[in-house]
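This report looks at how side chains pack and pair in one protein chain. Please keep the sequence and the coordinates at hand while reading.

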Amino acid sequence: MIALVAAGVKLIQIQGLEAAELQARAAKQRTVNEKITAERGPILDRNGDPLAFSVRVKALTAQPNRMAEEFAAAGVDAQARKREIAAFMAATLGPAVKEQELLDKLLSDGKFAYLADEVEPAKAREITEKYPEIGTEDRELRRYPGKTLAANIIGTANWRMNERKLQGLAGLEISRDSLLAGKDGRRLVDTAAGSDMVIPGSER
């Protein structure tokens, strides 16, 4: 009877007195808050044709030290695997990269390395699906279809690593930078306990 009374008191405490606090703590543990970077707005002429616009690209990354440790733990020849990765990336990305330079970065003893910039998302996905150890970072690339047309007025914008977004450098790109930059959003998702798997229907 004493045990039953103690259990009843505990249930009242958990479900009644501490319910709100425990629910808030549980939500904090499973809720992931992700930043959605605003896409830089286009600059249009009076007919609505773009003079400047942005496209989404990827940067490919690697953690050479960690890769070597994971390959060793799995009984995989690290050097052979890295040579395979460099060869596949060079074949997929073409003249934008050099196989030997990729291999040198992968075989280094560094903790982190950028392998390629401004990669088309489809090609980046092809590489990471085949080699999950290759990481990606979202980037944005500014395009000027008119090339030198009104270039002194339109100006330029480039990617800033510290801000992780495009920023204006000259012309309208810098004088209207805050307008073109837009406002970042947020994405909230609930994840399953002990993993990063998103619970279906929890995104907002």
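## Aromatic rings and a charge

Over the ring of Phe88 sits the charged end of Lys130, at 5.4 Å from the ring centre; a charge is taken to sit over a ring if NZ of Lys or CZ of Arg is within 6 Å of the ring centre and within 35 degrees of the ring normal. The model is predicted, so local features need pLDDT of at least 70 and side-chain atom pairs count only at pLDDT 80 or more, while totals for chains, interfaces and linings use all residues. Residues are numbered from 1 along each chain as its sequence is written, and side-chain values use heavy atoms, with hydrogens and water left out.

The whole structure holds two aromatic pairs, where rings of Phe, Tyr and Trp (its six-membered ring) pair if their centres lie within 6.5 Å, planes under 30 degrees apart counting as stacked, over 60 as edge-to-face and the rest as tilted. Phe88 and Tyr131 form an edge-to-face pair, with 5.6 Å from centre to centre and 65 degrees between the planes. Because Phe88 belongs to helix H4 and Tyr131 to the loop between H6 and strand S5 (135-143), this pair ties together parts that are 43 residues apart in sequence; helices (H or I, at least four residues) and strands (E, at least two) are DSSP runs, numbered from the N terminus. The rings of Phe112 and Tyr114, with centres 5.0 Å apart and planes at 90 degrees, are also edge-to-face.

Tyr131 is buried at 2% relative accessibility, whereas Phe112 is partly exposed at 45% and Tyr114 is partly exposed at 28%. Buried here means under 20% relative accessible area, exposed over 50% and partly exposed in between (1.4 Å probe, protein chains only).

Pro64, Met67 and Phe71 are the buried residues in helix H3 (residues 64-73). They lie on the same side of H3, because they cover an arc of only 60 degrees around the axis, the arc being that of the directions from the helix axis to the C-beta atoms. The face turned away from this buried side carries the exposed residues Glu69, Ala72 and Ala73. Strand S3 (50-62), helix H4 (78-93), helix H5 (99-107) and strand S4 (113-119) pack against the buried residues of H3, contact meaning heavy atoms within 4.5 Å.

In H5, the buried residues are Leu102, Leu103 and Leu106. Their arc of only 95 degrees around the axis puts them on the same side of H5, and their cover includes S3, H3, H4 and S4.

## The nonpolar core

In the largest nonpolar core, which has 19 residues, Leu60, Ile85, Met89, Leu93, Leu106, Leu115 and Ile134 touch the most other members. Such a core is a set of buried Ala, Val, Leu, Ile, Met, Phe, Trp, Tyr and Cys residues joined through side-chain atoms within 4.5 Å. At least two residues of this core come from each of S3, H3, H4, H5, S4 and helix H6 (121-130), and H4 gives the most, with four residues.

## Salt bridges

There are 15 salt bridges in the whole structure, each a side-chain nitrogen of Lys or Arg within 4 Å of a carboxyl oxygen of Asp or Glu. One of them joins Asp184 and Lys35 (3.3 Å, N to O), residues that are 149 residues apart.
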